[in-house]
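Look at the structure below and keep it in view while reading. The text goes through a pocket, a sheet and a DNA contact surface in turn.

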Protein chains: 2
Amino acid sequence: MFSNGYLLLTTKENMTTTEPIPLQSTHRQPLVMVDTALFTILDQRLCLILARRKDAPFEGVLALPGGFVHVQEDADTEAAARRVIHGKIGIDAPYLEQLFTFSGMARDPRGWSVSVTYYALIPSSLLGRNDGVETFPVDALPALPFDHGQIVAQAVERLRGKATYSSLPAFLLPGEFTMNDLHRIYEQTIGARLDKASFRHKILDQGIIEPIPERFRVGAHRPAQLYRLASRMLTAFERRI
Amino acid sequence: MFSNGYLLLTTKENMTTTEPIPLQSTHRQPLVMVDTALFTILDQRLCLILARRKDAPFEGVLALPGGFVHVQEDADTEAAARRVIHGKIGIDAPYLEQLFTFSGMARDPRGWSVSVTYYALIPSSLLGRNDGVETFPVDALPALPFDHGQIVAQAVERLRGKATYSSLPAFLLPGEFTMNDLHRIYEQTIGARLDKASFRHKILDQGIIEPIPERFRVGAHRPAQLYRLASRMLTAFERRI
DNA sequence: AAATGTTAATTGCAATAAACAAATAACTAT
DNA sequence: ATAGTTATTTGTTTATTGCAATTAACATTT
């Protein structure tokens, strides 16, 4: 059957030649769900988007948006996460990344379960009015059901870890922003002070943003150069905006 | 029922007061398994431990050690991974970390599945003789079944990413090692040349290892100081060794 | 015993990057 | 015009890193 030694990846071709194996685990299988930590910036503070649960357990309680994985419909758990996010706040997240998979007996009163968690960065400009959706600064969250507190803690840690040396926080901003906007966002996500001059150098050297020619934000001060994410930083999705 | 507003975490206490909710997902649930990428150093090369599969599909083919999650027995997926590793090579992995959760229709001929993957670092000194277990340099692997090639690629990437600024590679070494041993391991895992002097400085400044007083490795050269992982770097498990 | 070879460990210096402090620029509002 | 506000730049100082050369402590060979 495997005369060529090894098979690399199960493609659709060899799936049809492989007879379907109805093998089931001899053990009861857990529930598989996805939960999402959605970050945004409001009033220059790093915030989390929470939604009131529609079903038991914890019906009506604020929690991370989540749901079961739909084996028939979802291509994978990331697709499930996108579906959950779209269903909850009506938009596609510009930045979405798998965080961690939580599991065990204790996390859900329904029993042993697995939750594949994702975190996403969402510019507040994309947020409309949504029923049952509320935002909270990450340093002033309500108590959360299940192990969602743990999930949030890990999401914040990951975001902070990545923010220091990547373009991540820029995804929390709208298309145009000033150097100071970006500076504030980085300070918020990292949770510490950053030197303005050094920050400017690092960001520009890395080439993750580019100035928009002739575009400035005016006000009671020297006009501020407007920047945008460098085109090479954008996903195919973003470029379409 | 939730008169105090919110519940933080589902503890054993409130699990008994919460009536068991036999709620099931309205959708068919996927198979949940764990797969492990086990790294070790042999002949000063970064290697991966593979095992021949005992069951269909791909029976007899070399693959990442893995298995189904046992809802009854496993505390969580990490416990399942530890069980798999122990069953396969008979030891507990000194360093074990969750890598990524792969999912979807295409990865397993049995249908839609979820694999929570882990990677582990195992000093070759702990490896005994094991039936059906073989090691391969990561840059000379056989073709692998399922999506295991992808899993390995991601594991190597993660290891390389973390190695640069952490104590990770030190877990691939036995209890005592020289600065040169460590230097070689870092070069292997990172896959690039590192300046010896700078390396020495960085490692010692970070305090991830400490010299063992009065202990040297002798040979046809100036005796080399022996080091060990600084005690604060060790897990509770490691300290017992 | 002296010379040689080998690897360990240290040192010095140039290049680079980061942190800190301050000055200057370009406006608005009064 | 002047004061106020924020943007941007310019130095100066302080680590960090990369590279090359040097010294140390042996074993081995002659």
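Ala, Val, Leu, Ile, Met, Phe, Trp, Tyr, Cys and Pro count here as nonpolar, Asp, Glu, Lys and Arg as charged, and the others, Gly among them, as polar. The model is predicted: local features need pLDDT of at least 70, side-chain atom pairs count only at pLDDT 80 or more, and totals for chains, interfaces and linings use all residues. Residues are numbered from 1 along each chain as its sequence is written, chains are lettered from A and ligands numbered from 1 in the order in which they are written, and side-chain values use heavy atoms, with hydrogens and water left out.

Start with the largest pocket, whose volume is about 1100 Å³. A pocket is found on a 1 Å grid over the protein atoms alone, as an open set of points where a 1.4 Å probe fits, with protein on both sides within 12 Å along at least five of seven lines; lining residues have an atom within 4 Å of a point. Among the 29 lining residues, those closest to the centre of this pocket are L99(A), R158(A), E97(B), R158(B) and K162(B). By class, the lining has nine nonpolar, ten polar and ten charged residues. Strand 5 of chain A contributes the most, with seven residues.

Helices (H or I, at least four residues) and strands (E, at least two) are DSSP runs, numbered from the N terminus. Two strands pair if DSSP finds at least two bridges between them. In chain B, three strands form an open sheet in the order 8-10-9, with antiparallel pairing. Strands 8 (177-178) and 9 (209-219) of chain B are at the edges with a single partner strand each, so one side of each has no neighbour in the sheet. Six antiparallel bridges join strand 9 of chain B to strand 10 (residues 221-229) of chain B. Opposite R217(B) stands A224(B), in strand 10 of chain B.

Strand 10 of chain B also gives the most to the surface near DNA strand C, with five residues. DNA strand C is surrounded by 20 residues, and the closest include R200(B) and Q225(B). Of the atoms of DNA strand C within 4 Å of the protein, 69% belong to sugar and phosphate.

Which part of DNA strand C does the side chain of R200(B) approach? An N or O atom of that side chain is 2.8 Å from a phosphate oxygen. For S198(A), a side-chain N or O atom is 3.1 Å from a base nitrogen of DNA strand C.

Key. A residue is near a molecule or strand if one of its heavy atoms lies within 4 Å of it. A polar contact is a pair of N or O atoms within 3.5 Å; within protein, one must be able to donate a hydrogen and the other to accept it, and residues adjacent in sequence count only if both atoms are side-chain atoms. Grid points are joined across faces, edges and corners, and a volume is the space filled by probe spheres set on the points.
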